[in-house]
Amino acid sequence: MTMSSAHDAIVVGIDGSEHSLRALRWAAANARRRHEPLHVVYAFAPLAGFYGAGMPVLQNAYDELVRAGEKTLAEAVRTAREVAGDEVTITSEMPDEPAAPLLVSRARGARMIVLGSSGAGGFTGMLTGSTTVEVSAHAQCPVAVVRGRDTEDGPVVVGVDGSANSERALDTAFEEASWRGAPLIAVHAWSDDQFTGYYGTLPLAVDWEEIEQDEQRLLAEQLSGRQERHPDVKVERVVVRDRPRDQLLDWSAQAQLVVVGSRGRGGFGGLLLGSTSQALLHHAQCPVMVVRPEHER
């Protein structure tokens, strides 16, 4: 199985860890809900560390690693089948490639990439693995990171800031809410550094009520048309003077999914992941979906 198996599929990366098993079950449940194929990827690169150290590897040792990898992949497929049922097409592959570049390549044409918050190679104290962060920053499709509570209850929450990133995230969030039969909470936290940094020192020079009205209009404009395309989705609007990451982290305590753009309107052009998406990947209390804008994909 190759990249063609990942096209139009939900792709889940596994490594045998408990985190990746949770991601596998979450991906299989979404494949069942959406009636979409599931592609299971086990990035098998056991010799990377040995080659770097100049150490030879005996053939029988390598063959044993291959057998262990094949067993891990077969067990993952069986688990996915138990969750997804017989109607979902499930494919799998175990190429000898590092995980991050492999998954980024499989993201081209995939519906989404699903990953655990950290993997078998994670270091103690690291809240989110390096592969997860790298794939979230570079994948051309939405990346779902399964962490925190794993539940099908609660709303879908999306961060909205008017940027190209959040527009794509908003489209994705409406689709997710529709698939799940869940309400959508559109959160626009408008008091970010552009206000608190300079204007916050001049409270008498700022008409906060007027700014709030402008931010209310911004959110209404962002939702306009999308609600008409998704009449089945009940939408709640939240406009609040607060930092986006703080608001979204708070909402993650009751959400079943938080959707966010890879970086917002306050991000630097060279940053592929902004502070809000980074904070959610590390600290959210529910699964997080990171979406890049169309022009970066």
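Reader: Which residue in strand 2 stands opposite valine 11?

Author: Valine 11 faces histidine 39 in strand 2. This is a predicted model, in which local features need pLDDT of at least 70 and side-chain atom pairs count only at pLDDT 80 or more, while totals for chains, interfaces and linings use all residues. Residues are numbered from 1 along each chain as its sequence is written, and side-chain values use heavy atoms, with hydrogens and water left out.

Reader: How many helices and strands does the protein chain have?

Author: Helices (H or I, at least four residues) and strands (E, at least two) are DSSP runs, numbered from the N terminus. In the protein chain there are twelve helices and ten strands.

Reader: What order do the ten strands of the open sheet have?

Author: Two strands pair if DSSP finds at least two bridges between them. Here the open sheet has the order 3-2-1-4-5-10-9-6-7-8, and its pairing is mixed. Strand 3 (90-93) and strand 8 (235-240) are at the edges, each with a single partner strand, so one side of each is left without a neighbour in the sheet. For angles, axes are lines fitted to C-alpha atoms, for helices over the stretch in contact, and the values run from 0 to 180 degrees between N-to-C directions. With direction ignored, neighbouring strands of this sheet are turned by 20° against each other on average.

Reader: Which strands are joined to strand 1 by bridges?

Author: Five bridges join strand 1 to strand 2, and these two run parallel; three bridges join strand 1 to strand 4 (residues 112-116), again a parallel pair. In strand 4, valine 114 is the bridge partner of valine 12.

Reader: What unit do strand 1, helix 2 and strand 2 make?

Author: A crossover is right-handed if, with the strands pointing away from the viewer, the path from the first strand over the helix to the second runs clockwise. Strand 1, helix 2 and strand 2 form a β-α-β unit that is right-handed.

Reader: Are the two faces of strand 1 buried or exposed?

Author: In a regular strand the side chains alternate between the two faces of the sheet. Buried means under 20% relative accessible area, exposed over 50%, and partly exposed in between (1.4 Å probe, protein chains only). In strand 1 (residues 10-14) five of the five residues are buried: Ile10, Val12 and Ile14 lie on one side, and Val11 and Gly13 on the other. Across the protein chain of 297 residues, 48% count as buried.

Reader: Which residues have the most contacts inside the largest nonpolar core?

Author: A nonpolar core is a set of buried Ala, Val, Leu, Ile, Met, Phe, Trp, Tyr and Cys residues joined through side-chain atoms within 4.5 Å. The largest one here has 47 residues, and those with the most contacts inside it are Val12, Leu38, Val40, Val114, Val158, Leu184 and Val259. Helix 2 (residues 18-34) gives the most to this core, with seven residues. A second, separate core of 35 residues includes Ala6, Val41, Ala137 and Val145.

Reader: What does valine 12 touch?

Author: Contact means heavy atoms within 4.5 Å. Leaving aside residues up to four places away in sequence, valine 12 touches Ala23, Leu24, Ala27, Leu38, His39, Val40, Val41 and Val114.

Reader: Where is methionine 112 found, and is this residue buried or exposed?

Author: Methionine 112 is found in strand 4 and is buried, with a relative accessible area of 2%. Not counting residues up to four places away in sequence, the residues touched by methionine 112 include Ala9, Trp26, Cys141, Glu176 and Met289.
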